[in-house]
Amino acid sequence: MPTSDTAVEQAESTVKTSWGPRQWTPAVSWFIGAVTITVFFSIGSWQRRWIADDGLIVLRTLRNLFAGNGPVFNAGERVEANTSTAWTYVLWFWSWITGGQLEYVALWVALVCSVAAVPLAMYGTARLYWPSLAGRGAAGFTLLLPLGAIIYIALPPARDFATSGLENGLALLWVATLWVLLLGWARRGTRAAATKTRGGVAADLALAFSAGLAPLIRPELTILGGLALLLVFVVPQSWWTRIAIVVVAGALPVGYQIFRMGYYAVLVPNPAIAKDASGSKWKQGFIYLSNMFGPYALLLPVILALVAAIWLLVGRRLRASTVDESSEAEAAQGDSSPRGRWATFVARLRSPSMVVTVVVLAGFIDAVYWLRQGGDFMHARVLLVPLFIILLPVIVIPLTIPANLRAAFRRSGTAESRVAAKAARRRSRLAQWQLGGAVLMGALWITTLVWAVNSHENTLPNAGIDIGRSGIVDERRFYVTNMGNENPVTAQDYLNYPRMRAMVAKIDEFHSTGGVILPSSNYDEWYVAQLPGGKMPDGGKRQVTVYFLNLGMTSMNAPLDVRVIDQMGLAYPIAAHTDRLEDGRIGHDKVLQSEWVIAESGAYPRRPVLPGYLDEDLVRQAKVALTCPATEDRIASYKAEPWTLQRFKSSVKQSLGFTSYRIQRNPEYEIQRCGLVMPPRIHQR
């Protein structure tokens with residue numbers, strides 16, 4: 001960072017002034033903007049309120065927690081089916097406090113988090129600009145206008161996922177909180193670089209704790225949390241403070257990670273294995289990006305925001321040019337040795353401009369991660385948080401009207417001295433730049449507002465009717481269309497989705513005898529692979545297993561003693577540990593054949609009891625494939641009871657290997673991979 005920039009930051013941050021029109025104008029304009037944005041976002045989000053099928057998944061875990069079965073999706077199987085650990089326990093806490101219906105607790109908590117995040121982020125950005133707007137160097141009267149905030153709330157998917165039951169709102173609130181804390185940390189550094197009060201240390205530790213929560217909010221947010229922690233760690237301070245930062249930041253996530261390894265026997269949540277979060281699908285990622293940008297002409301406001309950011313940097317340079325010569329001379333002095341220059345660089349890390357750089361960089365890295373991953377099957381969902389992060393520095397923008405407009409048009413008099421004329425020309429040029437900047441900012445804001453008015457109700461082509469070849473769908477519109485309910489919230493609402501009422505009837509019919517319930521092509525019928533009569537071969541209990549893709553609606557409409565698993569593997573490790581289909585639908589690119597479930601559940605493997613569309617030979621092969629020693633160890637790691645200290649230690653040791661363990665989805669190939677004996681065929685080819 002140039003020395004003049006540092007001088008400006010220090011001069012701005014140390015200024016204290018009494019309140020007058022130049023202070024009230026940005027404060028009042030920010031307040032009006034924040035209230036307006038909050039009201040419009042709240043209304044828009046409430047109009048589109050819903051709980052997604054995936055949002056219902058976490059509620060099944062809550063039901064098991066309240067029933068005493070532990071943090072699991074199916075009782076008796078230690079599987080972490082939720083990506084956001086923090087979201088699971090935030091909902092558990094508020095459900096416990098309120099005693100409310102789980103769906104409405106999830107709806108309201110998500111809505112409050114989402115809506116609160118935007119004005120909080122606006123407050124942080126206002127703090128970023130405040131010293132230059134209200135100090136003695138203030139150039140005039142400034143309006144703080146929402147720009148990035150308008151861009152974000154105008155996007156229909158932003159309002160869709162403000163509820164949905166997913167963790168988007170919690171992620172936004174965490175990002176906004178970290179943004180405010182980081183800027184406060186930077187301002188404390190510029191105000192008193194040489195002193196450290198107890199309050200300052202406590203605030204730094206609160207920042208470290210918040211940043212450390214990143215992997216518990218969403219695993220990919222570790223990028224932002226990690227960079228923030230690195231920034232806080234490397235600035236000049238005592239080693240005792242650094243140790244405290246590491247301990248406070250790491251205690252909760254590291255402690256939970258040890259628990260995860262010992263309880264679930266893997267390093268990551270099961271959905272990360274099911275979706276192979278370390279894989280790459282760049283082409284699909286750019287399709288996902290265009291799918292987000294296209295319907296709303298989003299490139300236009302993004303360019304406008306970029307222009308605003310560039311002008312703010314230019315304006316900063318202009319202010320730097322007006323710093324007192326004495327300040328510049330003082331800033332220019334110092335140790336010119338390599339060690340001295342390094343010390344100066346490290347000291348400058350604790351500055352607002354460095355915070356902005358780190359946060360925006362983290363947002364871009366997060367976006368690139370999702371592009372590499374291939375995005376998601378839900379329209380725009382996973383790019384909303386990276387977009388929000390990138391927009392933070394311009395979520396509000398300053399529009400400054402020069403205090404002395406006449407200076408912009410004044411001509412130097414002939415009677416003025418050369419020095420006076422030079423100073424007058426300098427003031428005139430500065431006023432002209434400021435006036436031009438005000439006009440530019442005003443034009444950018446008005447254009448963004450016009451874009452928002454014209455785009456805020458746009459939709460994907462054929463939304464709710466056709467998923468399309470890209471595999472990306474407007475999830476809310478899809479369910480609204482297929483259920484005829486504008487605001488599906490409860491599991492009861494999802495009974496109107498095809499197959500659901502028939503599934504509930506089948507569960508009731510076979511609840512006592514057990515069996516595997518499989519979907520048919522008829523929306524009003526399910527196939528059932530019944531369990532053999534008499535005592536179960538392995539001494540297990542008779543249980544109904546539902547095997548269906550839509551994990552949320554099925555599990556929330558089924559009793560807790562009914563096992564609900566899916567072809568993708570979100571709650572079914574055997575499916576999760578198969579290889580990813582290269583050309584599969586994004587987010588659904590693991591599909592386990594039903595024969596595996598028949599073999600694993602102990603259902604009768606022969607016709608006529610076995611549903612006719614299933615292959616008896618595949619069932620027999622799957623039965624053998626499941627005896628692969630590594631697979632048996634993995635199954636035991638999440639099914640073996642009781643969960644003892646010995647099991648905990650064994651799971652910790654095996655968690656790394658289990659996380660990367662993969663099996664062949666074709667039972668015949670899996671038998672060959674594992675070196676097992678191929679069973680004789682029932683039906684010769």
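Predicted model: local features only at pLDDT ≥ 70, side-chain atom pairs only at ≥ 80, totals over all residues.
Residues are numbered from 1 along each chain as its sequence is written, and side-chain values use heavy atoms, leaving out hydrogens and water.

You will find 30 helices and six strands here (DSSP runs of H or I with at least four residues, and of E with at least two). Of the 685 residues, 54% are buried (under 20% relative accessible area, 1.4 Å probe).

Two helix pairs are set out below, with axes fitted to C-alpha atoms over the stretch in contact and angles running from 0 to 180 degrees between N-to-C directions.

| Pair | Angle | Axis distance |
|---|---|---|
| Helix 18 (residues 352-373) and helix 19 (residues 381-391) | about 160° | 8 Å |
| Helix 12 (residues 239-263) and helix 29 (residues 645-660) | about 100° | 6 Å |

The angle makes helix 18 roughly antiparallel to helix 19 (over 145 degrees). Among the residues that meet are Phe364 and Trp370 in helix 18 and Leu383 and Pro386 in helix 19 (contact: heavy atoms within 4.5 Å).

Helix 12 and helix 29 are therefore roughly perpendicular (65 to 115 degrees). Their contact includes Phe259 and Tyr263 of helix 12, along with Arg647 and Phe648 of helix 29.

Conventions:
Buried < 20%, exposed > 50% of the residue type's maximum accessible area, 1.4 Å probe, protein only. Parallel < 35°, antiparallel > 145°, perpendicular 65-115°, else oblique.
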